[in-house]
Amino acid sequence: MRIFLAFSVALALPACSLSPMYAGGSSGAVAQSLAAVDVPPIQGKAGWLVRNALNEKLGAAGVADSRYRLDVRLDDSLAGLGVLADDTISRERRTLRARYQLVDASTGEILLDATEGADAGIDVVSSEYATIAAENTALENLTKEIADRIVTRVALTLRDR
């Protein structure tokens, strides 16, 4: 019975038409398309971090001619959440939102217009240095998360082209 079940599963898998998105590694079609995406400078510290993370992830297949442009606008905010009895803030939320467009550089056609967002909670402690360090760490983590999500959406868009 087990042999029959294993044989049935083995026959059913090719019929599901799933294929790996990054088939072929760095020489695959999706990886080559991602390497052809140019990311112009993005304003602010968060922009610098997001652009570096995007370039690292997009350029994994090497440098290619830029056929696409990825325009990114960020909204970075820090808001106090928890307020103690003496009106001091005990908790903050850092929110990073990105609106981005993937543009075909030759035609100017917008291939993808989307948004991504992420947030992180930060404990405000008595040490100002520790609080600032936590805010910066949260920003670094959020930029990596946003970059991962953007690259995934761009890869899906370019795979279907």
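Q: What stands opposite arginine 69 of strand 2?
A: Aspartate 38 does. This is a predicted model, where local features need pLDDT of at least 70, side-chain atom pairs count only at pLDDT 80 or more, and totals for chains, interfaces and linings use all residues. Residues are numbered from 1 along each chain as its sequence is written, and side-chain values use heavy atoms, leaving out hydrogens and water.

Q: In which sense do strand 1 and strand 2 pair?
A: Parallel, over 2 bridges, with strand 2 covering residues 68-83. Strands (E, at least two residues) and helices (H or I, at least four) are DSSP runs numbered from the N terminus, and two strands pair if DSSP finds at least two bridges between them.

Q: What's the strand order of the sheet?
A: The order is 1-2-3-4 in an open sheet of 4 strands, with mixed pairing. Strand 1 (37-38) and strand 4 (110-123) are the edge strands, each pairing on one side only.

Q: Switching to helices. At what angle do helix 3 and helix 4 pack?
A: About 45°, with the axes of helix 3 (residues 44-58) and helix 4 (residues 128-159) 9 Å apart. Axes are lines fitted to C-alpha atoms, for helices over the stretch in contact, and angles run from 0 to 180 degrees between N-to-C directions. Helix 3 is therefore oblique to helix 4 (under 35 degrees is roughly parallel, over 145 roughly antiparallel, 65 to 115 roughly perpendicular, the rest oblique).

Q: Which residues of helix 3 make that contact?
A: Among them are Leu49, Val50 and Leu54, and the helix 4 side includes Leu139, Ala147 and Ile150. Contact means heavy atoms within 4.5 Å.
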